[in-house]
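Got the viewer open and a selection tool ready? Here is a short walk through the model, one stop at a time.

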Amino acid sequence: LKAATTGDTTPVDVSEIPEMLLTLICHPGLYEKFSALSMQMMGKSSTLSPRDRELAILRTGWLCQAPYEFGEHVRIAKAVGITSEEVERATVGSAAPGWNAHERAVLQAAEELHEDAMISEDTWAVLARTLEHKQLFELPVLIGQFTSVAYFQNSLRFRLSSGNQGLRAR
């Protein structure tokens, strides 16, 4: 990998490269497209707030029982201010007490897409009161992207990276 990008032929310790990256670089065309969408969803050009994004990803990772995704995003969620108690509530979902109407709707969007491949009109109406048009489009794309991530991470049986506690993370 290092040699391919810099011309350096110094051996690289592949144990330091995340397994997900090693897997994806075996299919460069797919990796390029997948990475571009992931960067869009996680980067500065995302229109969703980091909190909304991480609540949706946590709920999606939990619903898909995706240990790698869930554990990695607990760390990211905490970095954007989501508490361990909120992470625990995200495992229960929109029915857990303590969410405001907007947060509940974000979680419901993940639940409804997971169950029915569609956000209900009631949930959409709540989201439409607090999100702009671009955000309303981005939310189901984000949830779909991380459902896809969960599918391939689970199917390829990704091992947890150091410090990732998987579905036990809080």
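Start by selecting Glu-19 and showing what surrounds it: setting aside neighbours within four places in sequence, Glu-19 is in contact with Phe-158 and Arg-159. Keep in mind as you look around that this is a predicted model. Glu-19 sits in helix α2, which covers residues 19-24.

Glu-19 and Gln-153 are 134 residues apart along the chain, and their C-alpha atoms are separated by 9.9 Å.

**Stop two: Arg-157**

Next, click on Arg-157, in the segment after α9 (133-155). Arg-157 is exposed, and its relative accessible area is 64%. Check its backbone too: phi of Arg-157 is near 55°, a positive value in a residue other than glycine.

**Stop three: α4 against α5**

Time for some helices. Two packed helices are described by the angle between their axes and the distance between the axes. Colour residues 50-63 for helix α4 and residues 67-79 for helix α5; the two pack at an angle of about 160°, with their axes 9 Å apart. That angle makes α4 roughly antiparallel to α5, since anything over 145 degrees counts that way. The crossing of the pair is left-handed.

Which residues meet here? Show these side chains:

- From α4: Arg-53, Glu-54, Ile-57, Leu-58, Thr-60, Gly-61 and Trp-62.
- From α5: Glu-69, Phe-70, His-73, Val-74, Ile-76 and Ala-77.

Sorted by class, the contact of α4 with α5 has seven nonpolar, three polar and three charged residues.

Before moving on, pick Gln-65, in the loop between α4 and α5. Phi of Gln-65 is near 50°, a positive value in a residue other than glycine. Gln-65 has a relative accessibility of 40%, so it counts as partly exposed.

**Stop four: α7 against α8**

Now switch to helix α7 (residues 101-116) and helix α8 (residues 121-130). Their axes come within 9 Å and cross at roughly 135°. α7 and α8 are therefore oblique to each other. Look along the pair and you'll find that α7 passes α8 in a left-handed crossing.

To see the contact itself, select both sides:

- From α7: Ala-101, His-102, Ala-105, Val-106, Gln-108, Ala-109 and Glu-112.
- From α8: Thr-123, Val-126, Leu-127 and Thr-130.

By class, this contact of α7 with α8 has six nonpolar, four polar and one charged residues.

**Last stop: His-102**

Stay in α7 and zoom in on His-102. Which side chain does the side chain of His-102 make a polar contact with? Thr-130 is the partner, at 2.6 Å. Leaving aside neighbours within four places in sequence, His-102 is in contact with Asp-52, Leu-127, Thr-130 and Leu-131.

How accessible is His-102? Its relative accessible area is 16%, so His-102 is buried, as the cut-off for that is under 20%.

Definitions and conventions. Residues numbered from 1 in each chain as written. Predicted model: local features only at pLDDT ≥ 70, side-chain atom pairs only at ≥ 80, totals over all residues. Heavy atoms only, no water. Axes fitted to C-alpha atoms, helices over the stretch in contact; angles between N-to-C directions. Helix = DSSP H or I, 4+ residues; strand = E, 2+ residues; numbered from the N terminus. Parallel < 35°, antiparallel > 145°, perpendicular 65-115°, else oblique. Left-handed = near helix turned anticlockwise from the far one by under 90°. Contact = heavy atoms within 4.5 Å. Nonpolar A, V, L, I, M, F, W, Y, C, P; charged D, E, K, R; others polar. Buried < 20%, exposed > 50% of the residue type's maximum accessible area, 1.4 Å probe, protein only. Polar contact = N/O pair within 3.5 Å; in protein donor to acceptor, adjacent residues only side chain to side chain.
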